[in-house]
Protein chains: 2
Amino acid sequence: MFPEYDVIVVGAGHAGCEAAHAAAKMGAKVLLCTMNMNTIAQMSCNPAMGGVAKGQIVREIDALGGMSGIISDKSMIQFRMLNRSKGPAMWSPRSQNDRMRFAEEWRLALEQTPNVDFWQEMVSGLLVTDGRVRGVRTGIGLEIPGKTVVLTNGTFLNGVIHIGEKQFGGGRTGESAAKGITEQLVGLGFEAGRMKTGTPPRVDGRSLDYSKMEIQFGDENPEKFSYSDETQPLTEQRTCWITYTNKEVHETLESGFDRSPMFNGRIQGLGPRYCPSIEDKINRFAERERHQIFVEPEGWNTVEIYVNGFSTSLPEDVQYKALRKIPGFENAKMFRPGYAIEYDFFPPTQLKLSLETQLIQNLFFAGQINGTTGYEEAASQGLMAGINAARKVQEEEPVILKRSEAYIAVLIDDLINKGTEEPYRMFTSRAEFRLLLRQDNADLRLTQLGHQIGLADDRRLERMLDKKSDTAKLINDLRQKKLSPDLINEGLEDMDTATVKEKISVEKLLKRPQVGLKEIMDLDNDLKVYLSKYSKDVLEQAEIQIKYDSYIEKEQQMVDKLNNMENFRIPVHFDYLAIPALSAEGKQKLNKVRPETLGQASRISGVSPADLSILTVYLGR
Amino acid sequence: MFPEYDVIVVGAGHAGCEAAHAAAKMGAKVLLCTMNMNTIAQMSCNPAMGGVAKGQIVREIDALGGMSGIISDKSMIQFRMLNRSKGPAMWSPRSQNDRMRFAEEWRLALEQTPNVDFWQEMVSGLLVTDGRVRGVRTGIGLEIPGKTVVLTNGTFLNGVIHIGEKQFGGGRTGESAAKGITEQLVGLGFEAGRMKTGTPPRVDGRSLDYSKMEIQFGDENPEKFSYSDETQPLTEQRTCWITYTNKEVHETLESGFDRSPMFNGRIQGLGPRYCPSIEDKINRFAERERHQIFVEPEGWNTVEIYVNGFSTSLPEDVQYKALRKIPGFENAKMFRPGYAIEYDFFPPTQLKLSLETQLIQNLFFAGQINGTTGYEEAASQGLMAGINAARKVQEEEPVILKRSEAYIAVLIDDLINKGTEEPYRMFTSRAEFRLLLRQDNADLRLTQLGHQIGLADDRRLERMLDKKSDTAKLINDLRQKKLSPDLINEGLEDMDTATVKEKISVEKLLKRPQVGLKEIMDLDNDLKVYLSKYSKDVLEQAEIQIKYDSYIEKEQQMVDKLNNMENFRIPVHFDYLAIPALSAEGKQKLNKVRPETLGQASRISGVSPADLSILTVYLGR
Ligand SMILES: Cc1cc2nc3c(=O)[nH]c(=O)nc-3n(C[C@H](O)[C@H](O)[C@H](O)COP(=O)(O)OP(=O)(O)OC[C@H]3O[C@@H](n4cnc5c(N)ncnc54)[C@H](O)[C@@H]3O)c2cc1C
Ligand SMILES: Cc1cc2nc3c(=O)[nH]c(=O)nc-3n(C[C@H](O)[C@H](O)[C@H](O)COP(=O)(O)OP(=O)(O)OC[C@H]3O[C@@H](n4cnc5c(N)ncnc54)[C@H](O)[C@@H]3O)c2cc1C
């Protein structure tokens with residue numbers, strides 16, 4: 001009944017959708033098999049994309065030719081560039097999205113992708129022979145042959161939902177858990193673990209009093225995620241609101257702690273430390289008198305409201321009572337309580353950098369199943385797994401990004417080398433080369449590669465190349481273009497920066513912290529006219545490159561140095577146990593992870609600098 | 001945590017949505033409690049509304065102030081008035097709908113309805129004391145107090161899905177079955193039964209060859225369902241296609257009959273005779289060489305296709321092989337197989353005409369739970385149950401429509417008096433007074449009532465009253481307006497109808513079968529100008545009333561006669577068993593159904609005309 005597929009993707013969450021799209025775009029015959037076609041690309045938790053470090057990931061996905069950026073753009077109801085007041089390494093795009101629109105846009109996009117077939121059913125197991133995956137087995141017992149399989153089961157594997165002292169099976173509220181896969185994989189030798197995450201109650205926007213909250217507008221000139229011209233920035237936006245918990249709220253919540261599944265030991269899985277539940281926050285930061293609550297609409301028209309910051313698995317009556325003590329929530333009506341969910345994950349140290357498993361050939365894992373949390377983290381892994389599954393079928397080398405190239409690489413490299421004990425979330429601090437990995441240059445970093453592997457289309461490549469050459473030309477011009485003291489000194493004084501005695505190039509001026517292109521333009525009308533030829537993107541790019549030139553160069557030098565070691569490959573069957581000088585822990589970790597390069601070895605936790613020198617010597621460098 | 005609600009509606013299918021909306025509009029405080037807020041108003045089966053008799057029901061719901069008409073209008077992708085070539089009693093509006101849009105529009109409409117609260121959870125039982133319902137109990141053990149409860153569980157009660165020899169629990173594919181309610185109700189003395197229904201496989205539109213099919217366009221001048229001006233007819237439509245099964249298809253299907261759950265006895269519930277599975281059709285009409293298949297798009301943009309006419313629960317490989325032998329389906333790809341579902345229902349003879357149960361006060365049943373099938377049947381019951389639950393709380397008499405007033409009344413009256421052994425579906429033949437119950441006059445029949453009970457708004461009433469008085473004026477004018485032979489005789493000849501010697505009124509001319517208002521208009525420009533003042537609705541209404549005047553009057557006389565008996569009330573505690581002259585069966589049935597009026601008694605199957613005369617005598621008439 002089914003042809004043999006090149007790639008079978010199990011699950012249509014953020015990871016699965018990107019995987020299916022990427023592999024199909026690259027020419028693979030893809031089956032996307034998911035439990036319910038009505039819940040394709042459901043946002044399980046907050047209706048938002050991007051944010052600090054996560055926004056950068058969305059831009060990278062987009063630069064490579066993935067869809068998360070375009071889908072986010074098409075479904076957004078508000079856009080903000082976070083951290084604008086800090087350096088450009090910190091600028092982070094974030095959108096509030098219409099939950100229903102987001103899912104619909106993804107589904108329609110996948111439907112419009114040639115090579116993606118759909119099958120609506122639960123996958124209950126894998127077909128495996130001779131250490132290689134051959135397809136999947138479904139709930140009604142169908143066997144679907146596939147050359148590669150990408151598992152993206154999210155929070156569904158043996159999912160258990162907790163609300164207070166109640167618990168019941170489920171992969172998300174109202175949806176069934178997936179059974180069978182964990183058990184089979186453990187039987188095949190995989191190690192599985194248990195994690196948890198949580199979500200806040202949903203409330204009825206009609207029951208809130210917004211006059212008691214702070215209003216939060218979107219950006220005045222909103223941008224967007226995608227570098228392509230397929231989408232446009234919003235011309236109209238919805239607002240959000242901010243309110244705060246208080247002592248009363250905290251006391252009410254505390255009154256339920258004895259019935260909390262987190263505190264009475266019923267939940268064993270570890271939760272995301274950086275996305276804690278409200279009870280966690282109160283518990284860990286007992287000194288804080290209030291916590292921020294973001295009141296976010298779920299879409300253009302719906303009255304459903306997402307209570308960001310109030311994730312909880314306390315008993316529903318406690319949730320309710322506490323909620324109503326938040327300013328503006330005095331008459332709040334709940335649509336459903338918050339809850340925590342526990343699910344199986346597979347420690348990602350069992351993967352190769354391509355996201356293929358070490359144990360079973362042609363089997364890939366991506367998303368929450370690898371112990372991560374977040375849509376963006378999931379989507380980016382899905383993208384890479386989809387790319388590498390397609391390339392495996394095409395007998396091409398896997399695509400492995402470098403830590404200096406993309407947050408996506410940092411994510412995957414961290415997962416595989418360090419593993420994770422708690423749901424892994426991306427932060428800018430995890431990246432060594434933050435100044436290289438900016439949201440404004442993801443296209444310059446990655447689109448060429450995306451095009452080369454057949455994912456990003458010609459148009460994307462052209463746009464990137466245009467931006468690159470325009471930027472280079474502009475930088476050169478700004479270096480040549482000199483402004484005379486009489487033209488600018490008055491303005492410079494206004495900007496609180498030193499006046500000049502001789503002509504000075506725009507480039508030089510731009511390196512001053514107080515001075516931006518916009519300010520200089522206002523001093524010289526000729527320049528303004530000249531600059532108006534360039535797009536906003538190019539102007540921004542040139543300014544950043546000029547302003548941060550020396551810092552960027554320094555990072556780049558470090559990268560080059562490291563790359564030398566980084567890329568030095570370790571033979572596949574290298575026998576670590578036979579090197580007595582290695583530390584016991586180093587030996588064990590190296591043997592377990594089996595790094596592909598010295599660079600990878602250097603980042604394994606437990607592998608000391610001493611171990612690394614010894615290894616370098618043994619490898620004859 | 002919850003206030004006491006006036007009306008708790010369990011389930012947000014077609015019945016539940018109408019019930020919640022109606023009760024809230026009438027001022028009741030309503031809680032709509034459903035398993036999954038993402039599946040509110042899901043169309044479980046075909047993405048279409050209306051059709052023969054069903055279209056009339058949608059118009060009636062709309063006339064009363066319900067929402068199904070407006071939602072259908074807002075989400076339709078094609079409209080056709082079926083049976084235009086027959087008499088106006090048979091004209092039946094039908095729309096093809098965008099499945100996702102339909103659900104979204106319903107959800108947003110409910111969200112915009114003040115007085116409707118939402119709770120997302122499975123209801124697992126009822127709170128009942130002293131023979132009266134007091135609220136519901138949810139899956140996590142919450143008790144929600146309610147003065148009345150409307151159960152609209154659809155196909156979810158102990159739902160079991162069958163595909164070939166496989167079977168598993170579920171309320172719809174990918175959704176859980178509901179447990180607990182049946183068992184509790186049986187414990188309380190209710191009789192429960194088992195029914196089944198089925199749905200076809202869904203296929204990928206990109207894999208079909210439409211050149212081998214007949215194309216089916218929407219109407220050239222599409223109309224719409226709602227009498228209100230909230231919606232507009234489509235200006236653009238999607239097309240459908242028609243193809244046919246053949247001997248090969250049938251043989252392939254037959255090869256799976258030994259594994260069919262319908263034929264090997266695994267399914268016990270009775271299915272809808274008039275909406276049979278393809279295996280049923282082949283089996284029952286073995287002489288027919290082909291069956292029609294309607295190929296219907298599921299929305300504006302999706303590639304998903306609904307294979308109308310191919311409902312089946314044969315093993316998926318058989319479905320697939322047979323499907324591919326249908327012209328145009330040679331390369332069809334399936335998204336998911338068809339399946340049958342068995343579920344619990346409660347024989348509706350246990351209800352009062354208000355849809356309240358006889359056993360438990362303030363408990364109402366509506367929709368598929370009453371043994372019906374179809375969205376329109378469900379929605380109309382939901383509407384009436386919602387109305388009557390609200391009225392019960394307001395201590396008002398229930399609204400009970402007459403068989404001569406609405407198809408909705410025919411439906412409910414049939415259910416309660418005759419019960420049903422198989423899923424009940426509406427047909428025009430079930431109505432005695434078809435000519436009165438037309439799709440064009442549902443507003444004239446029902447809007448006044450809808451307004452009086454606080455459901456239809458003032459604007460609706462005004463529109464109806466305008467239509468009514470305009471129609472009366474127009475009819476009168478057409479009676480006065482005489483056309484001279486020289487003006488019209490040539491035209492009459494062309495129409496193949498007798499010429500006239502003297503002036504003749506437009507009214508008289510219109511009574512001729514060959515002559516319509518449109519044709520007469522073309523003969524007299526003055527008339528044309530005069531008529532252009534009237535809306536299409538009024539012109540059509542006047543024409544129908546004039547043309548069918550004598551038939552309509554005859555039906556009306558019968559209705560009046562019957563109403564005399566119809567409305568004669570039987571005392572609530574009337575002791576049928578004490579009347580020896582009644583037939584044994586009559587006695588038993590009367591005692592079981594406990595009809596409220598003589599009219600109702602007359603329609604109970606098993607109550608003979610003789611029984612009726614005896615009863616009439618005993619009641620002193
Ligand atoms: C309650 C809850 C709270 C969360 N809170 C946060 C938070 O606070 N912060 C944060 O960043 N992230 C949070 N998340 C996580 C976020 O939703 C995930 O990181 C993200 O959705 C993961 O994407 P994914 O593609 O890996 O999996 P998912 O989005 O979970 O998608 C999994 C998909 O696989 C399908 N599937 C699963 N098993 C099978 C099977 N056997 N056969 C067929 N299909 C299958 C499912 O139907 C689904 O479509 C939360 C998730 C949940 C459920
Ligand atoms: C497979 C299938 C095939 C069908 N085929 C046809 C056909 O060929 N022709 C035809 O005319 N009709 C068909 N139908 C029937 C049609 O779908 C129904 O007639 C119609 O949807 C009934 O509406 P309803 O409101 O009664 O129930 P449904 O539309 O089934 O809605 C029930 C609602 O109740 C909710 N619910 C159920 N139990 C609980 C609970 N305990 N707690 C909270 N929420 C609950 C569900 O989540 C759902 O929202 C088919 C249905 C199915 C499932």
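## Before you start

Residues are numbered from 1 along each chain as its sequence is written, while chains are lettered from A and ligands numbered from 1 in the order in which they are written. As the model is predicted, local features need pLDDT of at least 70, side-chain atom pairs count only at pLDDT 80 or more, and totals for chains, interfaces and linings use all residues; side-chain values use heavy atoms, with hydrogens and water left out.

Rings of Phe, Tyr and Trp (its six-membered ring) pair if their centres lie within 6.5 Å; planes under 30 degrees apart are called stacked, over 60 edge-to-face, and the rest tilted. Over all chains, that rule gives 22 aromatic pairs. Take Phe2(B) and Trp119(B): their ring centres are 5.0 Å apart and their planes stand at 90°, so this pair is edge-to-face. Phe2(B) sits in the segment before β1 (5-10) of chain B and Trp119(B) in strand β6 (residues 116-120), so the pair ties together parts 117 residues apart in sequence. (Helices, H or I with at least four residues, and strands, E with at least two, are DSSP runs numbered from the N terminus.) Both Phe2(B) and Trp119(B) are buried; buried means under 20% relative accessible area, exposed over 50%, and partly exposed in between, using a 1.4 Å probe and protein chains only.

For a tilted pair, look at Tyr548(B) and Tyr551(B), with centres 6.4 Å apart and planes at 50°. Tyr548(B) is partly exposed at 24% relative accessibility, and Tyr551(B) is partly exposed at 49%. Over in chain A, ring pairs join Phe190(A), Phe346(A) and Phe365(A) into a cluster.

## Nonpolar cores

A nonpolar core is a set of buried Ala, Val, Leu, Ile, Met, Phe, Trp, Tyr and Cys residues joined through side-chain atoms within 4.5 Å. The largest one has 143 residues, and those touching the most other members include Leu151(A), Met384(A) and Phe310(B). Helix α9 (residues 375-393) of chain A supplies the largest share of this core, 9 residues. A second, separate core has 142 residues, among them Val203(A), Phe346(B), Leu436(B) and Ile552(B).

Back to Leu151(A): beyond its neighbours within four places in sequence, its contacts include Val10(A), Leu126(A), Leu363(A) and Phe365(A).

## An annotated stretch

An unreviewed UniProt entry puts the annotation "binding site" on Gly11(A), Ala12(A), Gly13(A), His14(A), Ala15(A) and Gly16(A); such annotations may be inferred rather than shown by experiment, feature names are shortened, and positions follow the numbering used here. Gly11(A) belongs to the loop between β1 (5-10) and α1 (14-25) of chain A and is buried, at 12% relative accessible area. Apart from neighbours within four places in sequence, Gly11(A) contacts Gly16(A), Leu32(A), Cys33(A), Thr34(A) and Thr152(A).

His14(A) lies in helix α1 and is buried as well, at 8% relative accessibility. Not counting residues up to four places away in sequence, His14(A) touches several others, including Met43(A), Phe102(A) and Tyr375(A).

Terms used: Contact = heavy atoms within 4.5 Å.
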